[in-house]
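Subject: Structure handover and notes

Hello,

Here is the structure for you to take over. My notes follow below it, grouped by region.

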Amino acid sequence: MGAADRDFYDVLETRDPAVREAALMSALPHQVANARQNTEAFGDLLAEVEPDLVRTRDALARLPVTRKSDLLARQQAVRADAGRVPFEPFGGFSTIGWRGLKRDGGARRVFQSPGSIYEPEGHGRDYWRVGRALHAAGLRAGDLVHNSFSYHLTPAGAMMEGGAEALGCTVFAGGVGNTELQLQAMAELRPQAYVGTPSFLKILLDKAAEQGQPLSVRKALVSGEAFPAALRDWCDERGVSGFQCYATADLGLIAYETAARQGLVVDEGVILEIVRPGTGDPVPDGEVGEVVVTTLNRDYPLIRFGTGDLSAVLCGTCPTGRTNVRIKGWMGRADQSAKVRGMFVHAGQVADVLRRFPQALRGRLVVEGEMAQDRMTLRVEIDGSAAAGLADGLALALREVTKLRGEVQFVQPGALPNDGKVIEDLRKFD
């Protein structure tokens, strides 16, 4: 094995960006066709779409965004239809299943995420593509991996196990909880690596120090929670080099950290967009928005799946030599709303108002007030020359869309914080 083989999981990671983009855009129309033809849900959602024309990011951006709430709503509708035959527990989003379903084969496992939302796993090697993130975290063939993600209901344990097996690692299925037993296993089996949440890793390290028990673990891949630099440094001081990855039960791996410690590199098996919260409109690189992902997984072909997470694209490529796009990591939630004078206002409504006025560059609805005296102010970035008569139009549109009165305030381009917030609630309820 050469140096390059040790440094990278495969040759895909160092492709010329133009070659990668061409490959992704070549695969895109086939995946859109697969979703449209082989799933009921996307058959409905993409009924008017000609898959062969979806060959660019601009064309992709014109397709609707599907959210977790859509998965849940369609699955619940199927459950409510007790007489439906054949039964479809995945709400019509999957191309695989088991005997008795419309798709009567191909599923290796089925998982339940909070909600309850059911999601399939197919038979492919490293189905969730986590091996790439484990490799970047330093895991190699022959390592024993202590897996402290759950094996119960949710897919996290299986996701990590599949990636570790693809690398040639051995896995101890620790699961969650049982700290004393897990520490005993670590002492007796001497694993080289840990995968799990960062909070449980800290618990294990604290408990081991308290008991005077040395740990053999020297590398870790963590996920499921924020992994702040302070905790990363704390682990490093105790001999454990920890890396994070961004993955979901629906999409598998989305992005992963490298030794450069500069954001997260996007996985090779997904097409990632950053869109303005409440819309499907892509934002410029560097601007914070919602992470929307199209997966190339033919078994569960999610097209423009809105994660609800905020992030932003980082300029340039990773110093490690990986050439894919990087994102800053998790920066909060995009599904913003506020209840004002008894009415819910959503980020999508604010976006609808702004979309009516091309002069509006960016906007943010600020909610203030005390003792039930709520005030809404729509702060809008505009070029100074475009202000004439615009405030009245924006105020009227705001009232039409939200059914609430609000003021309009103009600010200079770039004045609003780049944090992805469309609604900022400054009220105090103590």
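In this predicted model, helix H9 (residues 198-211) packs against helix H10 (residues 229-237) at an angle of about 35°, and their axes are 11 Å apart. The crossing of H9 past H10 is left-handed. On the H9 side the contact is made by Pro-198, Leu-201, Lys-202, Leu-205 and Asp-206, and on the H10 side by Leu-231, Trp-234 and Cys-235. Sorted by class, these are six nonpolar residues, two charged residues and no polar ones.

Leu-201 has a relative accessible area of 3%, so it falls under the 20% limit and counts as buried. Beyond its neighbours within four places in sequence, Leu-201 is in contact with Tyr-194, Ala-220, Val-222, Cys-235 and Val-240. Of these, Cys-235 belongs to the H10 side of the helix contact. From Leu-201 to Arg-261, 60 residues away along the chain, the C-alpha separation is 19 Å.

The other helix pair in my notes is H11 (residues 347-355) with H12 (residues 390-402). The angle between H11 and H12 is about 145°, with the axes 9 Å apart, and their crossing is right-handed. H11 contributes Gln-349, Asp-352 and Val-353 to the contact, while H12 contributes Leu-394, Ala-397, Leu-398, Val-401 and Thr-402. The classes here are five nonpolar, two polar and one charged.

Next, the sheets. Four strands form an open sheet in the order S1-S13-S12-S11, and the pairing is mixed. Strand S1 (66-67) and strand S11 (270-275) are the edge strands; each has a single partner strand, so one side of each has no neighbour in the sheet. Within the sheet, strand S12 (residues 289-295) and strand S13 (residues 305-311) are paired antiparallel over four bridges, and Gly-289 stands opposite Ser-311 in S13. Helix H2 (residues 17-38) lies across S11 and S12, and runs at about 90° to S11.

Strand S18 (residues 362-368) pairs with two strands that I noted. With strand S19 (residues 375-381) the pairing is antiparallel, over seven bridges, and Val-366 stands opposite Thr-377 in S19. With strand S21 (residues 423-425) the pairing is parallel, over three bridges, and Ile-423 in S21 is the bridge partner of Leu-365. How much of S18 is buried? Six of its seven residues are, so S18 is largely enclosed by the rest of the structure.

S16 is joined to strand S17 (residues 343-346) by four bridges, and the two run antiparallel. His-346 in S17 is the bridge partner of Ser-337. Together S16 and S17 form a hairpin with two residues between them, and in the turn Arg-341 has a positive phi of about 50°.

Among the loops, I looked at the one between strand S14 (313-314) and strand S15 (326-327), where Val-325 is found. Val-325 has a relative accessibility of 38%, so it counts as partly exposed, the class between 20% and 50%. Leaving out neighbours within four places in sequence, Val-325 is in contact with Leu-264, Val-265, Val-266 and Val-313. Its C-alpha atom is 8.8 Å from that of Leu-272, although Val-325 and Leu-272 are 53 residues apart in sequence.

Last, the confidence values. The chain has a mean pLDDT of 92, with 97% of its residues at 70 or more. Residues 1-5 stay under 50, and the model has two contacts for them beyond four places in sequence.

Regards

How values were computed:
Residues are numbered from 1 along each chain as its sequence is written. This is a predicted model: local features need pLDDT of at least 70, side-chain atom pairs count only at pLDDT 80 or more; totals for chains, interfaces and linings use all residues. Side-chain values use heavy atoms; hydrogens and water are left out. pLDDT is the predictor's confidence in each residue, from 0 to 100. Contact means heavy atoms within 4.5 Å. Axes are lines fitted to C-alpha atoms, for helices over the stretch in contact, and angles run from 0 to 180 degrees between N-to-C directions. A crossing is left-handed if the near helix is turned anticlockwise from the far one by less than a right angle, and right-handed if clockwise. Ala, Val, Leu, Ile, Met, Phe, Trp, Tyr, Cys and Pro count as nonpolar, Asp, Glu, Lys and Arg as charged, and the others, Gly among them, as polar. Buried means under 20% relative accessible area, exposed over 50%, partly exposed in between (1.4 Å probe, protein chains only). Two strands pair if DSSP finds at least two bridges between them.
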